[in-house]
Amino acid sequence: MDSEKEKLKPAEVSQSSPTSVYRDFLSREKPFWRAAYQPEQEFYATIASGDLALVKRLCQKPFTEKSGLGILSGNPLQNLKYHFAITAAMVARACISHGMELSEAYNLSDFFIRKADAARDKKALDQIHREMCLEYTAHMQQLQRSPALSRMVVRTLDYIDEHLHTSLGLSDLAALSNVSPEHLSRTFHKEMHCTINTYICNRRLDTAIQMLLYTDDSIAEISSLLAFSSQSYFSRVFSRREKLTPSEYRHLHLRNFPL
């Protein structure tokens with residue numbers, strides 16, 4: 001059983017291998033861009049440190065004017081988008097290594113890569129790059145102010161986020177850390193300020209929103225893929241939190257999403 005005094009941040013727990021292209025990139029030891037290595041690493045470290053004022057200054061120079069970018073596409077704008085995806089991957093990797101939860105880092109990366117993919121010109125891409133860097137930095141700044149979580153709770157969080165598609169029972173989650181369900185439930189609530197069931201539901205709803213915006217999956221498919229007990233239950237809890245049905249949410253936000 002883990003000692004309750006044993007603390008660490010989320011990045012210290014081993015993680016399962018991601019599957020998407022940009023997540024695969026995170027595991028590469030040698031990134032394949034040609035920009036100067038040291039300044040790049042210092043930039044990512046600054047974001048991971050949560051230094052919002054410095055990142056704002058560093059982002060004054062447009063991303064699309066950065067020197068040393070390799071040729072990944074014959075289309076100049078598409079080439080920049082590929083480099084944006086690499087940058088997003090490296091920023092996510094830096095933030096994960098400094099304690100950001102996998103799900104949070106990946107959700108932000110998903111969002112901004114999709115947004116960059118829809119950009120129609122270099123100016124829009126520069127703005128999205130700035131927004132991404134500041135958003136990650138703000139999250140890291142908040143994380144620096146938060147107390148570290150126990151190993152048991154970190155393990156539980158990571159397992160939940162990697163298994164939203166399955167049934168998640170308290171007894172099974174407690175078994176991961178060889179503790180009683182009551183002990184896990186009590187400690188989780190103390191550190192996360194919510195119950196395990198509430199956390200699971202909110203993470204499924206967060207993921208459902210991403211799927212509504214970025215996939216063509218039907219409401220029924222999303223409900224099933226995220227292991228909600230029924231489509232009606234999914235719609236009910238979604239509407240309670242977002243004040244819109246899943247269909248209304250998709251229609252409203254897709255209409256406002258820049259194409």
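**Helices α4 and α5 are roughly antiparallel to each other.** This close-up comes from a predicted model, in which local features need pLDDT of at least 70 and side-chain atom pairs count only at pLDDT 80 or more, while totals for chains, interfaces and linings use all residues. Residues are numbered from 1 along each chain as its sequence is written, and side-chain values use heavy atoms, with hydrogens and water left out. Helix α4 covers residues 76-97 and helix α5 covers residues 102-117; their axes come within 10 Å and cross at roughly 165°. An axis is a line fitted to C-alpha atoms, for helices over the stretch in contact, and the angle between N-to-C directions runs from 0 to 180 degrees. Angles under 35 degrees count as roughly parallel, over 145 as roughly antiparallel, 65 to 115 as roughly perpendicular and the rest as oblique. Helices (H or I, at least four residues) and strands (E, at least two) are DSSP runs numbered from the N terminus.

**Residues of α4 and α5 meet along the pair.** From α4, the residues involved are K81, F84, A85, A88, A89, A92 and I96, and they meet L102, A105, Y106, S109, F112, I113, A116 and D117 of α5. The residues of this contact divide into 12 nonpolar, one polar and two charged. Contact means heavy atoms within 4.5 Å. Ala, Val, Leu, Ile, Met, Phe, Trp, Tyr, Cys and Pro count as nonpolar, Asp, Glu, Lys and Arg as charged, and the others, Gly among them, as polar.

**A92 lies in helix α4.** This alanine is buried, with a relative accessible area of 0%. Buried means under 20% relative accessible area, exposed means over 50%, and partly exposed lies in between (1.4 Å probe, protein chains only). Leaving aside neighbours within four places in sequence, A92 is in contact with A105 and Y136. A92 and I47 are 45 residues apart in sequence, and their C-alpha atoms are 9.8 Å apart in space.

**Helix α10 packs with α12 at an angle of about 90°.** The axes of α10 (residues 196-214) and α12 (residues 231-242) are 11 Å apart, and the two helices are therefore roughly perpendicular to each other. C201, N202, L205, D206, A208, I209 and L212 in α10 meet F234, V237, F238, R241 and E242 in α12. Eight nonpolar, one polar and three charged residues make up the contact of α10 with α12.

**Helix α7 is oblique to α10.** Helix α7 (residues 151-162) packs with α10 at an angle of about 40°, and their axes are 10 Å apart. The crossing of α7 and α10 is right-handed. L157, I160 and D161 of α7 make the contact with I196, Y199, I200 and R203 of α10. By class, the contact of α7 with α10 has five nonpolar, no polar and two charged residues.

**S239 lies in helix α12, and K243 is in the loop between α12 and α13 (246-256).** S239 counts as partly exposed, at 24% relative accessibility. Apart from neighbours within four places in sequence, S239 is in contact with L244, T245 and P246. S239 and Y249 are 10 residues apart in sequence and 9.1 Å apart in space, C-alpha to C-alpha. K243 has a positive phi of about 65° although it is not a glycine, and this lysine is exposed, with a relative accessible area of 67%.

**H193 is found in the loop between α9 (181-192) and α10.** Phi of H193 is near 60°, a positive value in a residue other than glycine. H193 is exposed, with a relative accessible area of 66%, whereas C194 is buried, at 18%.

**The count of disulfides comes to zero.** A disulfide is taken here as a pair of cysteine sulfur atoms within 2.5 Å. The sulfur of C95 is 9.3 Å from the closest cysteine sulfur, in C133, which is too far for a bond. C95 is buried, with a relative accessible area of 0%.

**The protein chain contains 13 helices and two strands.** Of its 259 residues, 43% count as buried. Among contacts in the protein chain between residues at least 6 apart in sequence, 69% join residues at least 24 apart.

Conventions:
Left-handed = near helix turned anticlockwise from the far one by under 90°.
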